[in-house]
Amino acid sequence: MSHQELTGQVIVPSDKNYDEARAIYNAMIDKKPAIIVVCENTQDVVNAINYSAKNNMEVSIRGGGHNGAGLAVVDNGLVIDLSGMKTISIDSDDKTAVIGAGNLLRDVDAATHKYGLALPTGIFGTTGISGLTLGGGMGYLSRKGGLTIDNLLECEVVLANGETVLANKDSHPDLFWALRGGGGNFGVVTSFKFKLIEVKNVYAGPMFWPLKQAKKAMKFYDEFTKNASNDLYGFFAFLIVPSADPFPENLWNKNVCGVVWNYTGPIEKAAEVFKPIREFGPPILDFVGEMPMPVLNGMFDALYPPGLQWYWRAHYFKDLPEEAIEVNIKHGGNIPNFHSTTHLYPIDGAVHDVTNSETAWANRDARWAQVIAGIDPDPGNTQMITEWSKIYHNDLSPFALGGGYINFMMNEGQERVIAAYKDNYNRLVEVKTKYDPRNFFHINQNIKPL
(Lines give C-alpha, C1' and ligand atoms only; values in the text may rest on other atoms or scores of the structure.)
Protein backbone atom coordinates (compact mmCIF):
# COMPACT_ATOMS: atom_id res chain seq x y z
CA MET A 1 0.00 0.00 0.00
CA SER A 2 1.65 3.24 -1.15
CA HIS A 3 1.71 6.10 1.34
CA GLN A 4 2.53 8.74 -1.28
CA GLU A 5 -0.90 10.38 -0.97
CA LEU A 6 -0.33 10.98 2.76
CA THR A 7 1.34 14.12 4.08
CA GLY A 8 2.51 14.90 7.61
CA GLN A 9 4.66 12.44 9.54
CA VAL A 10 3.70 8.89 8.57
CA ILE A 11 4.51 6.21 11.18
CA VAL A 12 4.15 2.47 10.47
CA PRO A 13 4.83 -0.63 12.64
CA SER A 14 8.40 -1.02 11.37
CA ASP A 15 9.39 2.47 12.56
CA LYS A 16 11.42 2.85 15.77
CA ASN A 17 8.96 5.37 17.22
CA TYR A 18 5.86 3.26 16.46
CA ASP A 19 5.27 1.97 20.01
CA GLU A 20 5.72 5.46 21.43
CA ALA A 21 3.35 6.93 18.84
CA ARG A 22 0.58 4.37 19.45
CA ALA A 23 0.74 4.59 23.26
CA ILE A 24 -2.02 6.60 24.91
CA TYR A 25 -2.74 7.87 28.41
CA ASN A 26 -4.57 4.69 29.50
CA ALA A 27 -2.04 1.83 29.44
CA MET A 28 -4.89 -0.69 29.63
CA ILE A 29 -5.36 -0.02 25.90
CA ASP A 30 -2.97 -1.85 23.56
CA LYS A 31 -4.10 -1.26 19.98
CA LYS A 32 -1.88 -1.63 16.93
CA PRO A 33 -2.74 0.71 14.06
CA ALA A 34 -1.49 0.04 10.53
CA ILE A 35 -0.63 3.71 10.00
CA ILE A 36 -0.35 6.77 12.26
CA VAL A 37 -0.38 10.14 10.50
CA VAL A 38 0.85 13.02 12.65
CA CYS A 39 -0.85 15.98 10.99
CA GLU A 40 0.60 19.48 11.02
CA ASN A 41 -2.15 21.26 9.09
CA THR A 42 -5.68 20.84 7.74
CA GLN A 43 -4.49 19.51 4.38
CA ASP A 44 -2.72 16.64 6.14
CA VAL A 45 -6.06 15.73 7.73
CA VAL A 46 -7.87 15.94 4.37
CA ASN A 47 -5.26 13.67 2.77
CA ALA A 48 -5.51 11.16 5.62
CA ILE A 49 -9.32 11.00 5.37
CA ASN A 50 -9.24 10.61 1.59
CA TYR A 51 -6.55 7.93 1.81
CA SER A 52 -8.50 5.99 4.45
CA ALA A 53 -11.71 6.14 2.44
CA LYS A 54 -9.94 5.05 -0.77
CA ASN A 55 -8.27 2.10 0.99
CA ASN A 56 -11.34 1.18 3.06
CA MET A 57 -9.49 1.63 6.37
CA GLU A 58 -11.03 2.27 9.75
CA VAL A 59 -10.08 5.65 11.21
CA SER A 60 -9.60 6.98 14.74
CA ILE A 61 -8.90 10.57 15.74
CA ARG A 62 -6.29 11.34 18.35
CA GLY A 63 -6.11 14.70 20.09
CA GLY A 64 -4.47 14.37 23.50
CA GLY A 65 -4.90 10.57 23.69
CA HIS A 66 -6.55 10.99 27.11
CA ASN A 67 -9.74 9.07 26.32
CA GLY A 68 -10.25 6.28 28.85
CA ALA A 69 -11.90 3.90 26.40
CA GLY A 70 -8.94 4.14 24.04
CA LEU A 71 -10.94 5.65 21.18
CA ALA A 72 -7.90 7.61 20.00
CA VAL A 73 -6.39 4.50 18.41
CA VAL A 74 -7.67 1.68 16.20
CA ASP A 75 -6.39 -1.80 15.47
CA ASN A 76 -5.16 -2.27 11.87
CA GLY A 77 -6.56 1.12 10.82
CA LEU A 78 -5.31 4.66 10.41
CA VAL A 79 -4.88 7.09 13.31
CA ILE A 80 -5.31 10.77 12.48
CA ASP A 81 -3.00 12.21 15.13
CA LEU A 82 -3.58 15.94 15.64
CA SER A 83 -0.72 16.46 18.13
CA GLY A 84 1.31 18.44 15.58
CA MET A 85 -1.41 21.11 15.30
CA LYS A 86 -0.27 23.33 18.15
CA THR A 87 -1.05 26.88 17.02
CA ILE A 88 -2.75 29.25 19.48
CA SER A 89 -3.76 32.78 18.49
CA ILE A 90 -5.19 35.10 21.14
CA ASP A 91 -7.01 38.39 20.57
CA SER A 92 -6.78 40.01 24.00
CA ASP A 93 -9.00 42.96 22.98
CA ASP A 94 -11.75 40.70 21.71
CA LYS A 95 -11.07 38.09 24.45
CA THR A 96 -11.07 35.24 21.96
CA ALA A 97 -8.65 32.45 21.10
CA VAL A 98 -8.22 30.27 18.02
CA ILE A 99 -6.72 27.00 19.23
CA GLY A 100 -5.25 24.21 17.10
CA ALA A 101 -6.66 20.74 17.73
CA GLY A 102 -3.38 19.28 19.03
CA ASN A 103 -3.04 21.50 22.07
CA LEU A 104 -3.23 20.15 25.60
CA LEU A 105 -4.98 22.11 28.34
CA ARG A 106 -1.63 23.16 29.82
CA ASP A 107 -0.74 24.74 26.45
CA VAL A 108 -4.03 26.65 26.46
CA ASP A 109 -3.59 27.73 30.10
CA ALA A 110 -0.06 29.02 29.48
CA ALA A 111 -1.15 31.03 26.45
CA THR A 112 -4.29 32.61 27.94
CA HIS A 113 -2.86 33.31 31.42
CA LYS A 114 -0.42 35.90 30.05
CA TYR A 115 -3.41 38.09 29.23
CA GLY A 116 -5.29 37.51 32.51
CA LEU A 117 -7.76 35.33 30.61
CA ALA A 118 -8.87 31.70 30.85
CA LEU A 119 -10.98 29.15 29.06
CA PRO A 120 -13.26 26.95 31.19
CA THR A 121 -11.82 23.47 30.63
CA GLY A 122 -10.90 20.38 32.69
CA ILE A 123 -8.74 19.55 35.72
CA PHE A 124 -5.68 17.91 34.11
CA GLY A 125 -3.13 19.85 32.09
CA THR A 126 -2.39 16.68 30.11
CA THR A 127 -5.91 16.49 28.62
CA GLY A 128 -6.32 17.37 24.94
CA ILE A 129 -8.49 20.35 24.05
CA SER A 130 -10.22 18.45 21.22
CA GLY A 131 -11.77 15.49 23.01
CA LEU A 132 -12.54 17.54 26.08
CA THR A 133 -14.41 20.19 24.08
CA LEU A 134 -16.33 17.84 21.79
CA GLY A 135 -17.61 15.89 24.80
CA GLY A 136 -18.72 19.04 26.66
CA GLY A 137 -15.82 20.14 28.86
CA MET A 138 -16.27 20.52 32.62
CA GLY A 139 -13.86 21.69 35.31
CA TYR A 140 -12.87 24.35 37.81
CA LEU A 141 -14.52 27.23 35.92
CA SER A 142 -17.81 25.51 35.03
CA ARG A 143 -19.94 27.33 37.61
CA LYS A 144 -18.47 30.69 36.59
CA GLY A 145 -18.09 30.29 32.83
CA GLY A 146 -20.15 27.27 31.83
CA LEU A 147 -18.92 24.21 29.97
CA THR A 148 -16.13 24.48 27.42
CA ILE A 149 -18.74 24.16 24.64
CA ASP A 150 -20.65 27.14 26.07
CA ASN A 151 -17.62 29.24 25.16
CA LEU A 152 -17.16 27.77 21.68
CA LEU A 153 -17.73 30.21 18.81
CA GLU A 154 -16.57 28.33 15.73
CA CYS A 155 -14.89 25.15 14.46
CA GLU A 156 -12.97 24.32 11.32
CA VAL A 157 -14.06 20.78 10.43
CA VAL A 158 -12.93 18.25 7.85
CA LEU A 159 -15.90 16.07 6.90
CA ALA A 160 -15.94 12.41 5.89
CA ASN A 161 -16.00 13.39 2.20
CA GLY A 162 -12.78 15.40 2.62
CA GLU A 163 -14.52 18.79 2.46
CA THR A 164 -13.43 21.49 4.93
CA VAL A 165 -16.17 23.68 6.42
CA LEU A 166 -16.56 26.35 9.09
CA ALA A 167 -19.24 25.54 11.63
CA ASN A 168 -20.72 28.35 13.74
CA LYS A 169 -24.15 29.76 14.54
CA ASP A 170 -24.52 31.08 10.96
CA SER A 171 -22.59 28.54 8.88
CA HIS A 172 -23.65 24.88 9.19
CA PRO A 173 -25.51 25.69 12.44
CA ASP A 174 -26.81 22.10 12.71
CA LEU A 175 -23.25 20.78 12.65
CA PHE A 176 -22.15 23.44 15.14
CA TRP A 177 -24.98 22.37 17.47
CA ALA A 178 -23.93 18.71 17.22
CA LEU A 179 -20.23 19.39 17.79
CA ARG A 180 -21.05 20.94 21.16
CA GLY A 181 -21.21 17.66 23.06
CA GLY A 182 -21.64 15.11 20.28
CA GLY A 183 -18.03 13.92 20.35
CA GLY A 184 -15.98 12.95 17.30
CA ASN A 185 -18.96 11.66 15.32
CA PHE A 186 -19.25 14.34 12.66
CA GLY A 187 -15.79 15.12 11.35
CA VAL A 188 -12.26 16.06 12.38
CA VAL A 189 -12.16 19.48 14.06
CA THR A 190 -8.79 21.03 13.19
CA SER A 191 -9.21 24.28 15.12
CA PHE A 192 -11.56 25.84 17.66
CA LYS A 193 -12.43 29.50 18.27
CA PHE A 194 -13.42 30.30 21.85
CA LYS A 195 -14.45 33.30 23.87
CA LEU A 196 -12.37 33.68 27.04
CA ILE A 197 -13.25 34.93 30.53
CA GLU A 198 -11.24 37.15 32.85
CA VAL A 199 -9.46 34.94 35.38
CA LYS A 200 -5.81 35.18 36.41
CA ASN A 201 -5.09 34.22 40.03
CA VAL A 202 -7.54 32.21 42.09
CA TYR A 203 -7.96 31.17 45.73
CA ALA A 204 -7.95 27.42 45.45
CA GLY A 205 -6.67 24.00 46.46
CA PRO A 206 -7.60 20.83 48.37
CA MET A 207 -9.13 20.53 51.82
CA PHE A 208 -9.49 17.12 53.52
CA TRP A 209 -11.63 15.71 56.34
CA PRO A 210 -11.35 12.30 58.05
CA LEU A 211 -13.51 9.52 56.64
CA LYS A 212 -15.54 9.36 59.86
CA GLN A 213 -16.82 12.87 59.03
CA ALA A 214 -17.73 11.97 55.44
CA LYS A 215 -21.51 12.03 55.90
CA LYS A 216 -21.45 15.42 57.63
CA ALA A 217 -18.92 16.72 55.10
CA MET A 218 -21.02 15.71 52.08
CA LYS A 219 -24.16 17.22 53.56
CA PHE A 220 -22.33 20.42 54.47
CA TYR A 221 -20.80 20.62 50.99
CA ASP A 222 -24.18 20.00 49.35
CA GLU A 223 -25.94 22.75 51.32
CA PHE A 224 -23.10 25.27 51.28
CA THR A 225 -22.51 25.12 47.53
CA LYS A 226 -26.23 25.13 46.71
CA ASN A 227 -26.50 28.81 47.59
CA ALA A 228 -22.92 29.88 46.83
CA SER A 229 -22.10 32.44 44.16
CA ASN A 230 -20.84 31.18 40.80
CA ASP A 231 -17.36 32.37 41.85
CA LEU A 232 -17.12 29.40 44.22
CA TYR A 233 -16.49 25.94 42.81
CA GLY A 234 -15.48 22.74 44.56
CA PHE A 235 -15.52 19.11 43.56
CA PHE A 236 -16.03 16.50 46.27
CA ALA A 237 -13.69 13.50 46.36
CA PHE A 238 -12.90 10.30 48.21
CA LEU A 239 -9.21 9.39 48.08
CA ILE A 240 -6.20 7.86 49.79
CA VAL A 241 -3.61 10.50 50.67
CA PRO A 242 -0.45 9.89 48.60
CA SER A 243 2.69 9.07 50.58
CA ALA A 244 4.66 11.94 49.09
CA ASP A 245 5.29 15.65 49.44
CA PRO A 246 3.58 18.06 49.84
CA PHE A 247 1.19 15.95 51.94
CA PRO A 248 2.06 15.76 55.67
CA GLU A 249 3.48 12.39 56.69
CA ASN A 250 0.87 11.82 59.39
CA LEU A 251 -1.82 11.65 56.65
CA TRP A 252 0.03 9.35 54.24
CA ASN A 253 -2.03 6.37 53.05
CA LYS A 254 -5.08 7.50 55.06
CA ASN A 255 -8.49 7.19 53.43
CA VAL A 256 -10.12 10.64 53.53
CA CYS A 257 -12.79 12.74 51.88
CA GLY A 258 -12.28 16.26 50.69
CA VAL A 259 -13.04 19.10 48.33
CA VAL A 260 -10.77 20.75 45.78
CA TRP A 261 -11.94 24.37 45.82
CA ASN A 262 -11.64 27.19 43.32
CA TYR A 263 -12.74 30.72 44.19
CA THR A 264 -12.57 33.28 41.38
CA GLY A 265 -13.98 36.27 43.24
CA PRO A 266 -11.98 39.15 44.78
CA ILE A 267 -8.99 37.72 46.69
CA GLU A 268 -9.59 40.15 49.56
CA LYS A 269 -12.97 38.48 50.15
CA ALA A 270 -11.63 34.91 50.08
CA ALA A 271 -10.98 34.57 53.82
CA GLU A 272 -14.54 35.68 54.55
CA VAL A 273 -16.01 33.26 51.99
CA PHE A 274 -13.99 30.35 53.38
CA LYS A 275 -14.56 31.15 57.07
CA PRO A 276 -17.62 28.86 57.45
CA ILE A 277 -15.89 26.14 55.40
CA ARG A 278 -12.82 26.23 57.67
CA GLU A 279 -14.98 26.29 60.77
CA PHE A 280 -16.73 23.13 59.65
CA GLY A 281 -14.78 20.09 60.76
CA PRO A 282 -12.19 21.61 61.01
CA PRO A 283 -10.23 20.17 58.05
CA ILE A 284 -7.25 17.89 58.71
CA LEU A 285 -5.52 19.38 55.66
CA ASP A 286 -5.99 22.86 54.20
CA PHE A 287 -3.91 23.68 51.13
CA VAL A 288 -6.29 26.39 49.94
CA GLY A 289 -4.62 29.67 49.03
CA GLU A 290 -3.87 32.10 46.22
CA MET A 291 -2.32 30.63 43.09
CA PRO A 292 -2.23 31.24 39.32
CA MET A 293 -5.06 29.46 37.48
CA PRO A 294 -2.63 27.24 35.47
CA VAL A 295 -1.11 25.92 38.73
CA LEU A 296 -4.54 24.72 39.84
CA ASN A 297 -5.25 23.20 36.42
CA GLY A 298 -2.02 21.18 36.54
CA MET A 299 -2.05 20.36 40.26
CA PHE A 300 -2.60 16.60 39.81
CA ASP A 301 -0.61 16.02 36.62
CA ALA A 302 2.43 14.59 38.44
CA LEU A 303 0.25 12.14 40.40
CA TYR A 304 -1.35 10.85 37.19
CA PRO A 305 1.34 10.52 34.52
CA PRO A 306 0.55 8.76 31.24
CA GLY A 307 0.93 4.98 31.35
CA LEU A 308 -1.32 3.97 34.27
CA GLN A 309 -4.19 1.46 33.99
CA TRP A 310 -7.58 3.26 33.98
CA TYR A 311 -11.16 2.05 34.22
CA TRP A 312 -13.84 4.78 34.37
CA ARG A 313 -17.55 4.82 35.11
CA ALA A 314 -19.86 7.86 35.20
CA HIS A 315 -23.20 9.12 36.53
CA TYR A 316 -25.21 12.34 36.62
CA PHE A 317 -27.02 13.42 39.82
CA LYS A 318 -29.64 16.03 40.58
CA ASP A 319 -29.27 15.74 44.36
CA LEU A 320 -27.54 13.67 47.02
CA PRO A 321 -30.10 11.71 49.04
CA GLU A 322 -28.95 10.00 52.22
CA GLU A 323 -28.85 6.61 50.46
CA ALA A 324 -26.49 7.91 47.76
CA ILE A 325 -24.24 9.43 50.42
CA GLU A 326 -24.11 6.05 52.19
CA VAL A 327 -23.12 4.26 48.96
CA ASN A 328 -20.37 6.82 48.34
CA ILE A 329 -19.03 6.38 51.86
CA LYS A 330 -19.13 2.57 51.54
CA HIS A 331 -17.18 2.43 48.28
CA GLY A 332 -15.26 5.69 48.68
CA GLY A 333 -14.07 4.33 52.02
CA ASN A 334 -12.88 1.17 50.29
CA ILE A 335 -10.71 2.66 47.54
CA PRO A 336 -8.28 0.01 46.28
CA ASN A 337 -5.17 2.26 46.10
CA PHE A 338 -4.05 5.90 46.25
CA HIS A 339 -4.43 6.45 42.49
CA SER A 340 -8.09 5.37 42.41
CA THR A 341 -10.68 7.98 43.33
CA THR A 342 -14.15 9.34 42.76
CA HIS A 343 -15.04 12.96 42.03
CA LEU A 344 -18.38 14.77 42.07
CA TYR A 345 -18.02 17.67 39.63
CA PRO A 346 -20.52 20.55 40.02
CA ILE A 347 -22.37 21.34 36.80
CA ASP A 348 -24.75 23.99 38.06
CA GLY A 349 -24.18 27.76 38.13
CA ALA A 350 -23.51 29.10 34.62
CA VAL A 351 -23.99 25.61 33.14
CA HIS A 352 -27.69 25.94 33.98
CA ASP A 353 -27.94 29.23 32.06
CA VAL A 354 -28.03 27.18 28.85
CA THR A 355 -30.96 24.91 28.01
CA ASN A 356 -30.70 21.22 27.11
CA SER A 357 -31.81 21.89 23.53
CA GLU A 358 -29.25 24.66 22.81
CA THR A 359 -26.33 22.21 22.53
CA ALA A 360 -25.97 18.47 22.00
CA TRP A 361 -24.91 18.08 25.66
CA ALA A 362 -28.23 17.18 27.25
CA ASN A 363 -27.71 17.18 31.02
CA ARG A 364 -28.34 20.77 32.11
CA ASP A 365 -30.79 19.56 34.76
CA ALA A 366 -28.05 17.71 36.63
CA ARG A 367 -26.15 19.26 39.52
CA TRP A 368 -23.16 16.91 39.48
CA ALA A 369 -21.31 14.66 37.09
CA GLN A 370 -19.61 11.87 38.99
CA VAL A 371 -16.62 9.92 37.76
CA ILE A 372 -15.53 6.70 39.43
CA ALA A 373 -11.96 6.05 38.36
CA GLY A 374 -10.15 2.81 39.12
CA ILE A 375 -6.47 3.56 38.45
CA ASP A 376 -3.32 1.51 39.07
CA PRO A 377 0.24 1.41 37.70
CA ASP A 378 0.28 -2.42 37.81
CA PRO A 379 -1.43 -4.29 34.91
CA GLY A 380 -1.90 -7.17 37.36
CA ASN A 381 -4.45 -5.08 39.25
CA THR A 382 -6.66 -4.36 36.24
CA GLN A 383 -9.44 -6.74 37.34
CA MET A 384 -9.46 -5.30 40.87
CA ILE A 385 -9.88 -1.67 39.79
CA THR A 386 -12.42 -2.60 37.12
CA GLU A 387 -14.60 -4.52 39.56
CA TRP A 388 -14.41 -1.76 42.17
CA SER A 389 -15.54 0.82 39.59
CA LYS A 390 -18.37 -1.32 38.21
CA ILE A 391 -19.80 -2.34 41.60
CA TYR A 392 -19.61 1.24 42.90
CA HIS A 393 -21.33 2.49 39.72
CA ASN A 394 -24.07 -0.14 39.87
CA ASP A 395 -24.82 0.57 43.53
CA LEU A 396 -25.28 4.27 42.77
CA SER A 397 -27.47 3.73 39.69
CA PRO A 398 -30.84 3.85 41.53
CA PHE A 399 -30.15 7.45 42.61
CA ALA A 400 -28.69 8.74 39.32
CA LEU A 401 -30.39 10.54 36.43
CA GLY A 402 -29.33 7.97 33.82
CA GLY A 403 -26.63 8.31 31.21
CA GLY A 404 -23.11 9.52 31.88
CA TYR A 405 -20.60 12.05 30.60
CA ILE A 406 -19.24 10.56 27.36
CA ASN A 407 -15.67 11.62 28.21
CA PHE A 408 -15.88 9.43 31.32
CA MET A 409 -17.30 6.34 29.59
CA MET A 410 -15.62 3.12 28.50
CA ASN A 411 -17.03 0.97 25.69
CA GLU A 412 -20.36 0.42 27.43
CA GLY A 413 -22.73 -0.20 24.51
CA GLN A 414 -25.20 1.78 22.43
CA GLU A 415 -27.83 2.06 25.16
CA ARG A 416 -25.41 4.05 27.33
CA VAL A 417 -24.65 6.42 24.44
CA ILE A 418 -28.36 6.98 23.81
CA ALA A 419 -28.91 7.58 27.55
CA ALA A 420 -26.09 10.16 27.60
CA TYR A 421 -27.87 12.31 24.98
CA LYS A 422 -31.44 11.83 26.20
CA ASP A 423 -33.92 13.90 24.14
CA ASN A 424 -31.14 15.18 21.85
CA TYR A 425 -30.22 11.76 20.49
CA ASN A 426 -32.66 11.69 17.56
CA ARG A 427 -31.57 15.14 16.41
CA LEU A 428 -27.93 13.99 16.61
CA VAL A 429 -28.81 11.00 14.42
CA GLU A 430 -30.24 13.41 11.81
CA VAL A 431 -27.05 15.50 11.80
CA LYS A 432 -24.90 12.36 11.65
CA THR A 433 -26.93 11.05 8.71
CA LYS A 434 -26.45 14.36 6.87
CA TYR A 435 -22.70 14.77 7.45
CA ASP A 436 -21.46 11.17 7.83
CA PRO A 437 -24.07 8.85 6.31
CA ARG A 438 -21.66 5.89 6.01
CA ASN A 439 -20.51 6.21 9.65
CA PHE A 440 -16.91 6.72 8.52
CA PHE A 441 -16.19 8.25 11.95
CA HIS A 442 -17.30 5.42 14.25
CA ILE A 443 -14.33 4.87 16.59
CA ASN A 444 -16.01 7.06 19.22
CA GLN A 445 -19.03 6.99 21.52
CA ASN A 446 -20.93 6.33 18.36
CA ILE A 447 -24.11 7.93 17.10
CA LYS A 448 -25.30 5.68 14.27
CA PRO A 449 -26.74 7.29 11.12
CA LEU A 450 -30.14 6.23 9.78
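**Sheets, cores and rings: a quick tour**

Let's start with a pair of residues: Tyr-316 is buried, and so is Trp-361. Here, buried means under 20% relative accessible area, while exposed means over 50% and partly exposed is in between, using a 1.4 Å probe and protein chains only. This is a predicted model, where local features need pLDDT of at least 70 and side-chain atom pairs count only at pLDDT 80 or more, while totals for chains, interfaces and linings use all residues. Residues are numbered from 1 along each chain as its sequence is written, and side-chain values use heavy atoms, with hydrogens and water left out.

**Aromatic rings**

- A pair of aromatic rings is described by the distance of the centres and the angle of the planes.
- You'll find 26 aromatic pairs in the structure; rings of Phe, Tyr and Trp (its six-membered ring) pair if their centres lie within 6.5 Å, and planes under 30 degrees apart count as stacked, over 60 as edge-to-face and the rest as tilted.
- Phe-192 and Phe-194 make a stacked pair, because their ring centres are 5.8 Å apart and their planes are at 15°. Both Phe-192 and Phe-194 are buried.
- Tyr-316 and Trp-361 are an edge-to-face pair, because their planes are at 90°, with the ring centres 5.8 Å apart.
- Tyr-316 sits in strand E17 and Trp-361 in the loop between strand E18 (341-346) and strand E19 (368-376), so this pair ties together parts that are 45 residues apart in sequence. Helices (H or I, at least four residues) and strands (E, at least two) are DSSP runs, numbered from the N terminus.
- One aromatic cluster includes Tyr-25, Phe-124, Trp-310, Trp-312 and Tyr-345.

- Six of the six residues of E18 are buried, so E18 is largely enclosed by the rest of the structure.
- Thr-341, His-343 and Tyr-345 point one way from E18, while Thr-342, Leu-344 and Pro-346 point the other way.
- E18 pairs with strand E13 (residues 232-240) in the antiparallel sense over three bridges; two strands pair if DSSP finds at least two bridges between them. In this pairing, Phe-236 stands opposite Leu-344.
- E18 also runs antiparallel to E19, joined by six bridges, and His-343 stands opposite Val-371 in E19.

**The five-stranded sheet**

- This open sheet has the strand order E5-E6-E10-E8-E9, with antiparallel pairing.
- Strand E5 (88-91) and strand E9 (164-167) stand at the edges with a single partner strand each, so one side of each has no neighbour in the sheet.
- Neighbouring strands in this sheet are turned by 10° against each other on average, direction ignored. Axes are lines fitted to C-alpha atoms, for helices over the stretch in contact, and angles run from 0 to 180 degrees between N-to-C directions.
- Four bridges link E5 to strand E6 (residues 96-100) in the antiparallel sense, and the bridge partner of Ile-88 in E6 is Ile-99.
- Helix H2 (residues 42-54) packs on the sheet, touching strand E8 (152-158), E9 and strand E10 (188-195), with its direction at about 50° to that of E8. Contact means heavy atoms within 4.5 Å.
- Helix H3 (residues 105-113) packs on the sheet too, touching E5 and E6, and its direction makes about 30° with that of E5.

**The four-stranded sheet**

- A second open sheet has the order E1-E2-E4-E3, with mixed pairing.
- Its edge strands, each pairing on one side only, are strand E1 (9-11) and strand E3 (59-62).
- Strand E2 (residues 35-38) and strand E4 (residues 78-81) run parallel and are joined by four bridges. The bridge partner of Ile-35 in E4 is Leu-78.
- H2 turns up again here, lying across E2, E3 and E4 and running at about 170° to E4.

**Nonpolar cores**

- The largest nonpolar core has 61 residues, and Val-45, Leu-78 and Leu-179 are among those with the most contacts inside it. A nonpolar core is a set of buried Ala, Val, Leu, Ile, Met, Phe, Trp, Tyr and Cys residues joined through side-chain atoms within 4.5 Å.
- Apart from that core lies another of 47 residues, among them Phe-247, Leu-251, Met-291 and Tyr-345.
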